[in-house]
Structure formats: structure tokens, C-alpha cells
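This report is written for a reader who has the sequence and coordinates at hand. Please keep the model open while reading.

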Amino acid sequence: DASGQWVTPGLVAGFSRVGLVEVGAVKETNDSAFTSQRFSAALDVSTALNPDNSAIDVSRTAGLTRAIVAPEARGSIFAGQGAIIDLGADRSPLMMARAFQFVELGERGSAMSGGSRAGAHLRLKAMLREAKQYAAGSDSFDDDLLSAEDAKALQAVLNGDVRLLVHVESATDIEAVLGLVKDYPGIKLVLVGVSEGWRVADKIAAARVPVIASALNDLPERFEILAATQSNIGRMRAAGVTVALGMIDDNDAHQIRYAAQYAGNLVALNNVPGATGLSWDQAFATIASAPAEAMGQGGKFGVLRNGAVGDVVLWDGDPLELSSTPTTVLIDGVEQPLDNRQTRLRDRYRTPQEGALPKAYE
């Protein structure tokens, strides 16, 4: 009975590493980054997903039902193949394996390419060229940068069968990456991060490249985001860019539950003189339908529509308000438990009673 409640599709984490990291500082529980010198683009995060990850339960309690999960680049600018998962309370989280390829450019990509942006962009083009040679026949394949497995994995990118997600922040890097569309018209590009996207929003819109942007980067904490502003997403949206929210480098393994709060902040920006925010509908779309559209899955999740997955959330208030809480969450039509380790700890110590200590403290 949803009487008096808000009814929405399940929320979607547009960029995350949920399910790959339990304790970030404990390497045995952190599968987000791969340091293999032999493989890069061929790596597949779906084989490392942990359905028992505590962040999955916490995120589901906050109304998130799907997540786009990316690997982290460490030994190469190509991090590997990401996945789309559901956050259901079962041992089968995988919705789509090898859903996209993730690449690091910008400052981090430069550091892995001889300390130069020119080196990073050259490396990207050279690796794509080698993948193209592999498709043309083994005799012409130059394996200086790619193993055969990596070259195989990149065929789906060159053919446009899977998206190429590229992390860039500065306007200069964004413009350089957009040139890929001209050189490789088959590639379906998605930009991630994009803190200075407002500066070249017209070019992003003209290229029809969707963006999975960080929500509220507004401080010049490093050189590639000197022009960061809270109005970035609002300005890109006003220029005609399709924008979803993601959380790269922002508690992306543990706190994807911030998605609704971030979307609500974009609505509140309309009350700040001189700022550019989003309408409620636009903001909600950034954490529901827009991530699915960016991944080529429009209409399949993040919407309440015939033919979509049965992800439905009932809320006791406006889902973009911090005080609102999900009262019912369904994933694939199945009602989900709303407890997690945090709620159990809360309940244990909310009303302490005289008596024996919990077993762990005896």
C-alpha cells in the first residue's frame, strides 16, 4: 500500500566501485585495481564482485537498486571491463558483465604515460591502433602495448558494442578525447568526471556524448579542475548535454547512498544567486534514467515503464530530501530486506539494558 507515499524507480549509481572493496586499506579485500603488467583492457571486474559486500546492503536501504561498477586503473591507462549490477539481497548481483571499458586520462593517465598528457593520448591512440591491427589479422598485429587478450577485449569497443568510459576533468582533456569520435566513428564514448565540462559544453553536446559527472566538485584542489564550479552540471544540462551523476574518487566504493543527497543539492542550487542548478525532474533523472541511457540501457532500468526491470522504491517523503527514507524496496519485482550491519548495530545500542554483554564482548 503506497498511499501517501512517493513512488519512484530504484536509484542508480552512475559510477561506482561498490562490491569491489570491503576495507580499502586491507589489500585482501580490495579488488578495485589490478596491477598486472600483462593484461589491462581484458580484465573483467565481474569475476571479482562480492555479493556479501556490506556497502551493497547499506546502499539498498537508501533506495539504490542498480550500480555501474568500474575497475580502477593502476598499471595501464586501460583499467578493464566494468559491469552493471543489481543490489538485491542474493548471490547473483550481475546484470551485465563486460558492459563497458574504462580508461584513465588526465593527470592520473599522464602519470602512467611518462608524465605527459601528450604521452597519455598517444598511448590511447596507439593501443586502439594495435587493437584494430589485431582485427585485421594476426600477421599485422603489433603487440608492443596490448596482449592478444587485451586486443580481443577492445574489439567490442571499436565496433561500438560496448561503451568506452574515459575519465577526464579539464576542458583541454575533454576536447582532446572528443577527437576520438572523429578518428574512430564506431566508438560510443562516455565522459566521466568532467569537472570543467561547462567550459566546453557546446562541443560535448554537438558530439552527442553523454556525461557521468561528479556532482559538486567546486574547489580547485588540483590543476586539472581549476575551473570547477557547483554550476557545472546545470550549465552542461542547459547546453543540451545528457548528464548522469557518478561518484568517481568520492567514496565510490562505500557511500553511493549519497546519490539522492547530491541530486537534491543540485535542485537547491537554484536558490543560490548566480548559480545554475537543475529542476527536480532533471535532478532525479541524473540518478535514475540518465545513467541507464549513458550505458545504452535506456528504458531497461531507472524508469517505471512497461518492459523495464521491476525496481520500485516507496518513500515516506521527497526522495531528494535528506529526511526521507525508503519504506519498501523491490528489485526485479522482489521485496528486499531493509536492514544492514549499521541498522543492526544501531538497534543493539539504541536502548542499552542491564544484563550480559553481547557475545563478542564476553
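The model is predicted, and local features are reported at pLDDT of at least 70, side-chain atom pairs only at pLDDT 80 or more, while totals for chains, interfaces and linings use all residues. Numbering starts from 1 along each chain as its sequence is written, and side-chain values rest on heavy atoms, with hydrogens and water left out.

**The antiparallel sheet**

Helices (H or I, at least four residues) and strands (E, at least two) are DSSP runs, numbered from the N terminus. Two strands count as paired if DSSP finds at least two bridges between them. An open sheet is built from four strands in the order β1-β10-β11-β12, with antiparallel pairing. Its edges are β1 (6–9) and β12 (334–335), each of which pairs on one side only. Within the sheet, β10 (residues 312–315) and β11 (residues 326–331) are antiparallel and joined by four bridges. V312 has L330 of β11 opposite.

Strands of a sheet pair through backbone hydrogen bonds, either parallel or antiparallel.

| Pair | Sense | Bridges | Facing residues |
|---|---|---|---|
| β5 (residues 94–104) and β6 | parallel | five | F100 and R163 |
| β6 and β7 (residues 188–193) | parallel | six | V166 and L191 |

Between β6 and β7 the chain passes through helix α5 (residues 171–183), and this β-α-β crossover is right-handed. The term means that, with the strands pointing away from the viewer, the path from the first strand over the helix to the second runs clockwise.

Buried means under 20% relative accessible area, exposed over 50%, and partly exposed in between (1.4 Å probe, protein chains only). Six of the six residues of β6 (residues 163–168) are buried, so the strand is largely enclosed by the rest of the structure. In a regular strand the side chains alternate between the two faces of the sheet. Both faces of β6 are covered, with R163, L165 and H167 buried on one side and L164, V166 and V168 buried on the other.

S170 sits in the loop between β6 and α5. S170 is buried, at a relative accessible area of 7%. Its side chain reaches the backbone nitrogen of D173 at 3.1 Å. Leaving aside residues up to four places away in sequence, S170 touches R117, E196 and E224; contact means heavy atoms within 4.5 Å.

**Nonpolar cores**

A nonpolar core is a set of buried Ala, Val, Leu, Ile, Met, Phe, Trp, Tyr and Cys residues joined through side-chain atoms within 4.5 Å. The largest one has 77 residues, and those with the most contacts inside it are F78, L105, L164, L191, I204 and M236. Another core, of 21 residues, lies apart from it and has V12, A70, A79 and F100 among its members. L164 touches residues including F78, V103, V157, L180 and L189, not counting those up to four places away in sequence.

**Positive phi**

Most residues other than glycine have a negative phi. Which value does phi of R98 take? Phi of R98 is near 50 degrees, which is positive. R98 lies in strand β5 and is partly exposed, at 44% relative accessibility. V194 also has a positive phi, near 55 degrees. V194 is in the loop between β7 and α6 (201–207) and is buried, with a relative accessible area of 0%.

Notes
A polar contact is a pair of N or O atoms within 3.5 Å; within protein, one must be able to donate a hydrogen and the other to accept it, and residues adjacent in sequence count only if both atoms are side-chain atoms.
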